[in-house]
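Hi,

Here is the structure I said I would pass on. Have a look at it first, and then read my notes below.

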Amino acid sequence: MARQQITAIKRSVLDMIMAAAKDSHPREFACVLRGIDGAIAEIVLVPGTVMGDRHALLRLHMLPIDFTIVGSAHSHPSPSCEPSRADMDFFSKFGPVHIIASYPYESDSWAAYDRDGTPIELDIV
Ligand SMILES: [Zn+2]
């Protein structure tokens, strides 16, 4: 996985994640994140991932190795950005930065975590 240090996320990417999460509600949305020059710059939809599939994140393991992929984003249809145990297991194996967006998917209904599940701050650029 990527060795980039990620410290920021593009506002357009955050807006896309929130819009997709809202569209998927009450099911979950999941995607992977591409980093460029230290910022999350693109979302990448994973082929074969069905919206609302509770195992969508796990399916990401089937992605080809791509060193621009820096982590994942997924939504929680509940108003909690707390990672579940399954989320934590996944985070530890899949890149340095993970976003959870939660209901009601407002501009502040999200949180970012590192691979240990520790909350991290990202600048919005
Ligand atoms: Zn989760």
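Is Cys 31 buried or exposed? Cys 31 counts as buried, because its relative accessibility comes out at 0%. Before you read on, keep in mind that this is a predicted model, so every value here is computed from predicted coordinates.

Since we are on cysteines: Cys 81 is buried too, because its relative accessibility is 16% and the cut-off for buried is under 20%. A search for disulfides through the whole structure came back with 0.

**Overall layout**

The protein chain has 3 helices and 8 strands. Starting at the N terminus, their order is β-α-β-β-α-β-α-β-β-β-β. The chain has 125 residues, and 46% of them count as buried. If you take the contacts with a separation of 6 or more, 64% of them are between residues 24 or more positions apart.

**The cores**

The largest nonpolar core has 21 residues. Ile 9, Ile 17, Leu 33, Ile 40, Ile 99, Trp 110 and Leu 122 are the ones with the most contacts inside it. The elements giving two or more residues to this core are helix H1 (11-24) and the strands E2 (30-36), E4 (69-76), E5 (97-102) and E6 (110-113). H1 provides the largest share, with 6 residues.

Apart from its neighbours within four places in sequence, Ile 17 is in contact with Ile 9, Phe 29, Leu 33, Ile 43, Ala 73 and Ala 101. There is also a second, separate core of 11 residues, and Val 32, Cys 81, Phe 90 and Ala 111 are among them.

**Aromatic pairs**

How many aromatic pairs does the count come to? The count is 3. One of them is Phe 90 with Phe 94, a stacked pair at 5.0 Å centre to centre with 25 degrees between the planes. Phe 90 and Phe 94 are both buried. Tyr 103 and Tyr 105 also pair: their ring centres are 5.9 Å apart and their planes stand at 85 degrees, so this pair is edge-to-face. Tyr 103 is partly exposed because its relative accessibility is 41%, whereas Tyr 105, at 5%, counts as buried.

Some backbone spots to check, then. Most residues other than glycine have a negative phi, and most peptide bonds are trans. The exceptions I noted include two cis bonds and two positive phi values.

- The peptide bond from His 25 to Pro 26 is cis, with omega near 10 degrees. Pro 26 sits in the loop between H1 and E2.
- The peptide bond from Tyr 103 to Pro 104 is cis as well, with omega near 5 degrees. Pro 104 belongs to the loop between E5 and E6.
- Tyr 105, in the loop between E5 and E6, has a positive phi of about 60 degrees although it is not a glycine.
- Asp 37, in the loop between E2 and strand E3 (39-44), has a positive phi of about 50 degrees and is not a glycine either. Asp 37 counts as exposed because its relative accessible area is 78%.

**Arg 115**

Finally, Arg 115 is in the loop between E6 and strand E7 (119-120). With a relative accessible area of 33%, Arg 115 is partly exposed. Setting aside its neighbours within four places in sequence, Arg 115 is in contact with Phe 91, Ser 92, Gly 95 and Pro 96. Arg 115 and Met 88 are 27 residues apart in sequence, with their C-alpha atoms 7.7 Å apart in space.

Cheers

Key: Residues numbered from 1 in each chain as written. Predicted model: local features only at pLDDT ≥ 70, side-chain atom pairs only at ≥ 80, totals over all residues. Heavy atoms only, no water. Disulfide = S-S within 2.5 Å. Buried < 20%, exposed > 50% of the residue type's maximum accessible area, 1.4 Å probe, protein only. Phe/Tyr/Trp six-rings, centres within 6.5 Å; stacked < 30°, edge-to-face > 60°. Core = buried A, V, L, I, M, F, W, Y, C linked by side-chain atoms within 4.5 Å. Helix = DSSP H or I, 4+ residues; strand = E, 2+ residues; numbered from the N terminus. Contact = heavy atoms within 4.5 Å.
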